[in-house]
Amino acid sequence: MESNRAVISVVGKDQVGIIADVTAVLKEHQINVLDISQTILQDFFTMMMLVDLSRTASMQEIEAALEQTAANLGLTIHIQREDLFKHMHRI
Amino acid sequence: MNIGFNEIQETIRMVRMEELDIRTITLGINLMDCAGDTQEAMRTKVYNKITSSAATLTQTAEDISQEYGIPIANKRISVTPCSLLLGGATKEDAIKLAETLDAAARDTGVDFIGGFSAMVHKGISSGDAILLEALPEALSMTERVCASVSAATTKAGINMDAVSRLGHIIKRAAELTADNNGLANAKFVVFCNPVEDNPFMAGAFHGTGEADKVLNVGVSGPGVVLHALKRHPDADLGEVSDIIKRTAFKITRAGELMAREAADRLNVPFGIMDLSLAPTNAANDSVAEILEEIGLERVGTHGTIAALAMMNDAVKKGGAMASSYVGGLSGAFIPVSEDNGMIKGVQDGALSLDKLEGMTSVCSVGLDMIAVPGHVEAASLSGLIADEMAIGMINKKTTAVRVIPVPGANEGDMIEFGGLLGRAPVMGLNPYKSDKMMQRGGRIPAPLQSLIN
């Protein structure tokens, strides 16, 4: 039942190039994007991505890289295993 | 995406803004195979078994916490009740064993180790007697060792000889840590009907009915429940119960997933999920504030017990659906010092010790983290314990007393314990004596409720 998928959530002030910068990090770590959904909520950019981690070395590494991007863009980025959301919201 | 945008946001909000966390992951370790020819040989085995079993506990918890994005606040260890290892030992041996546990806890990076415990609800064996004798010193000389004593059960009644003695033990432990506000007693709890798989401190121990090792987990989330209720200010009480139930379900599901993952990685069986709402001093992470949100001006006023009973029951109903193995204490904790709402209730004169006693008959544990003046009589402390034991015994539930006489403090003072233990207003005990009852000693027989076979 081990899943290698994770949800990346990006929230913050809208600006040019958020998706480009985030996906550049993903590409660098060989992470495939399976689904992506994005909207602007009260001037706030909000994006959720479902990604495949099966070709990636470690989640810690990606987390550190995403943290760097988050700091550069002034955004909040989280990466969490997909199982968590499935367990909390699906029976 | 088969998970909704809103659902992802809800989870993130619970963690980032509403203080959702896994309160504790507690590795239970059986120490019976550490028995040796001498007490010294036993202690060496104890240290080695604990440090090898829990070598990767904190790192594993941190890894999982990072991967799922939910904090695991505490990593802890519980062990076999130590009195079982102390038959034929001396008081000095018992103190040294506590120090061994302390060293093992420090070296594995856990904040508390529980199980310096004795089961004396029916009688006191030689090992129990040694442990009781050593308790004040063991508690005051160690930093991370938690102790508990079972003084009553529904099946056995109340061992009043033990209860009477515990009043003196608590007083002595307070005196030995007088420089530290009597902090030793924050690590000590007296139980009626203790459970063998409780992951929460100070009362965790690894019961004799448990496997060699087991991982028990306590989730928490008063803040999440509080915020969920705030979004429905006009719901009727049936709906309020349902909101709490649904929230508890989600919290528990997240906890169970992480607990199973942790157990897998540590290669130990997953034991139970403890469905307890445990407050912290973080803003809005308060059980009292949930009760106030339900509609009480201040916790402790009329209606408090009804609101608490409903909340506690709803948490269990939601949690029981979410986890395959529920155990531990599973209810709501109402510690005074660790809950800002409770502190305010006491300060405003809304919440009394008597009301707290009443509340313990419908929630999971008991009189928890209650500071009292240091000059209270031992017999009064014993009386307080006896009352709480009786509530547990008759209602067939766990009750506990963690009371902290603070040397030099008077009723109304505010005591800072620091860290997770928070601060507590000093509450006065009834000025009338209970000493004659304590002098009688003996055992209060098991109640009719115990005759169920």
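Predicted model: local features only at pLDDT ≥ 70, side-chain atom pairs only at ≥ 80, totals over all residues.
View 1. Residues are numbered from 1 along each chain as its sequence is written, chains are lettered from A and ligands numbered from 1 in the order in which they are written, and side-chain values use heavy atoms, with hydrogens and water left out. Helices (H or I, at least four residues) and strands (E, at least two) are DSSP runs numbered from the N terminus. Strand E11 of chain B, residues 399–406, is mostly covered, 8 of its 8 residues being buried. In a regular strand the side chains alternate between the two faces of the sheet. On one side of E11(B) the buried residues are Thr399(B), Val401(B), Val403(B) and Pro405(B), and on the other they are Ala400(B), Arg402(B), Ile404(B) and Val406(B).

**View 2. The strands that pair with E11(B).** Two strands are taken to pair if DSSP finds at least two bridges between them. Strand E6 of chain B (residues 188–192) pairs with E11(B) in the antiparallel sense over 3 bridges, and Cys192(B) stands opposite Thr399(B). Strand E10 of chain B (residues 367–373) pairs with E11(B) in the parallel sense over 6 bridges, with Ile370(B) opposite Val403(B). Together with helix H13 of chain B (residues 378–395), E10(B) and E11(B) make a right-handed β-α-β unit, where right-handed means that, with the strands pointing away from the viewer, the path from the first strand over the helix to the second runs clockwise.

**View 3. Salt bridges between separate parts of chain B.** A salt bridge is counted where a side-chain nitrogen of Lys or Arg lies within 4 Å of a carboxyl oxygen of Asp or Glu, and this rule gives 30 of them over all chains. Lys75(B) and Glu62(B) meet in a salt bridge at 3.8 Å, N to O; Lys75(B) lies in strand E2 and Glu62(B) in helix H3, so the pair ties together parts that are 13 residues apart in sequence. Lys75(B) is buried at 13% relative accessible area, whereas Glu62(B) is partly exposed at 41%. Arg298(B) forms a salt bridge with Asp348(B), the closest N and O atoms being 2.7 Å apart. Because Arg298(B) lies in the loop between H9 and H10 and Asp348(B) in the loop between H11 and H12, this pair ties together parts that are 50 residues apart in sequence.

View 4. On a 1 Å grid over the protein atoms alone, a cavity is a set of points where a 1.4 Å probe fits but cannot get out, and lining residues have an atom within 4 Å of a point. Of its 29 lining residues, the closest to the centre are Met201(B), Ala202(B), Glu338(B), Asp368(B) and Arg402(B). E11(B) gives the most to this lining, with 3 residues.

Terms used
Buried < 20%, exposed > 50% of the residue type's maximum accessible area, 1.4 Å probe, protein only. 1 Å grid on protein atoms, 1.4 Å probe; cavity = no way out; pocket = protein on both sides within 12 Å on 5 of 7 lines; lining within 4 Å.
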